[in-house]
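Student: Please take me closely through one part of this model. I'd like to know which side chains meet there and what they connect.

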Amino acid sequence: MPSLPRIEFDYPRNSHPDAAIIWLHGLGADGSDFAGIVPELHLPETLAIRFLFPHAPSIPVSINNGFVMPAWYDILDADVGRRVDVEQLQQSAAKIHQLIDQLRQDGISSNRILLAGFSQGGAVVLQAALTYPEPLGGVLSLSSYFASADTIKPHPANVAIPIRLCHGRQDPVVAEKLGLECKARLEAMGYLTEYSSYPMEHSVCLDEIRDISAWISARLTPAEH
């Protein structure tokens, strides 16, 4: 399976990363959509993180009249939380597993790897994180939903993975009720989640970026002995 094309860089520059974050964009975007957020996170420079922002392949998207655009999977009708091409979603998650494997081959432990995703990307990283066979450091799902809740076969390695969910209260694209349903479904499966909502639409805001930064720092700052 060919590796996903991506934007990749280390933070701080010229550091020797012992941690990594794979961050997926939403429908119709590409890896550059979130690459620019890294300076806005103001993460401690004591952390050494490799950031990967993969580009989704371009495929026909049913809800957009079959128009070809970057997408992690096809959405089959406007009710985005209900009918998606689950096989394509699983294939995208498998490609994220491949990136994780590559990072581990580079010497980064699985529990120092975070997955993050916006909208479609958030659905993919939930599938990828909960099915990966080694413990990961955490998963961040932004303005998204649990598209594979009815089909997922979780791996016990990530039963205790930290899960952070963020959503806009005025989101007209992925209604907040889908984010709340995601939280409820995950908790029914035994996962612990953190959930925050913000006065925004289908986007990110400054308060959310600050919360994401704090979450990343908490996950990746080594514990003091």
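Tutor: Start with two phenylalanines: F34 is buried, and so is F118 (buried is under 20% relative accessible area, exposed over 50%, partly exposed in between; 1.4 Å probe, protein chains only). F51 and F53 make a stacked pair, because their ring centres are 5.9 Å apart and their planes meet at 5° (Phe, Tyr and six-membered Trp rings pair with centres within 6.5 Å; planes under 30 degrees apart are stacked, over 60 edge-to-face, the rest tilted). F51 and F53 are both buried.

The model is predicted: local features need pLDDT of at least 70, side-chain atom pairs pLDDT 80 or more, while totals for chains, interfaces and linings use all residues. Residues are numbered from 1 along each chain as its sequence is written, and side-chain values use heavy atoms, without hydrogens or water.

Six aromatic pairs turn up across the whole structure. F34 and F118 are a tilted pair, because their ring centres lie 5.5 Å apart with the planes at 45°. F34 belongs to helix α1 (residues 32-35) and F118 to strand β6 (residues 113-118), so this pair ties together parts 84 residues apart in sequence (helices, H or I of at least four residues, and strands, E of at least two, are DSSP runs numbered from the N terminus). Both pairs belong to one aromatic cluster, formed by F9, W23, F34, F51, F53 and F118.

Now the sheet. Seven strands make an open sheet with mixed pairing, in the order β1-β3-β2-β6-β7-β8-β9 (strands pair if DSSP finds at least two bridges between them). Strands β1 (6-11) and β9 (193-198) are the edges; each has a single partner strand, so one side of each has no neighbour in the sheet. The partner of β1 can be named: six bridges join β1 to β3 (residues 49-54), and the two run antiparallel. Across that pairing, I7 stands opposite F53 of β3. Helix α4 (residues 120-131) packs on the sheet and touches β2 (19-24), β6, β7 (138-142) and β8 (163-168) (contact is heavy atoms within 4.5 Å).

Charged side chains come next. There are nine salt bridges (a Lys or Arg side-chain nitrogen within 4 Å of an Asp or Glu carboxyl oxygen). E8 and R6 form one of them, at 2.7 Å from N to O. E8 is partly exposed at 38% relative accessibility. R6 is also partly exposed, with a relative accessible area of 29%.

R112 and D18 form another salt bridge, at 3.1 Å from N to O. This pair links distant parts of the chain: R112 is in the loop between α3 (86-105) and β6, D18 is in the loop between β1 and β2, and they are 94 residues apart. R112 is buried, with a relative accessible area of 15%, whereas D18 is partly exposed at 38%.

R210 and D207 meet at 3.4 Å from N to O, again in a salt bridge. Both sit in helix α6 (residues 206-220), three residues apart, or about one turn of the helix. R210 is exposed, with a relative accessible area of 52%; D207 is partly exposed at 44%. Salt bridges with shared partners also join R6, E8, D10, R50 and D106 into one network.

Last, the cysteines. The structure has zero disulfides (cysteine sulfur pairs within 2.5 Å). The closest cysteine sulfur to that of C166 is in C205, 8.8 Å away, which is too far for a bond. C166 is buried, at 2% relative accessibility.

How values were computed:
Axes are lines fitted to C-alpha atoms, for helices over the stretch in contact, and angles run from 0 to 180 degrees between N-to-C directions.
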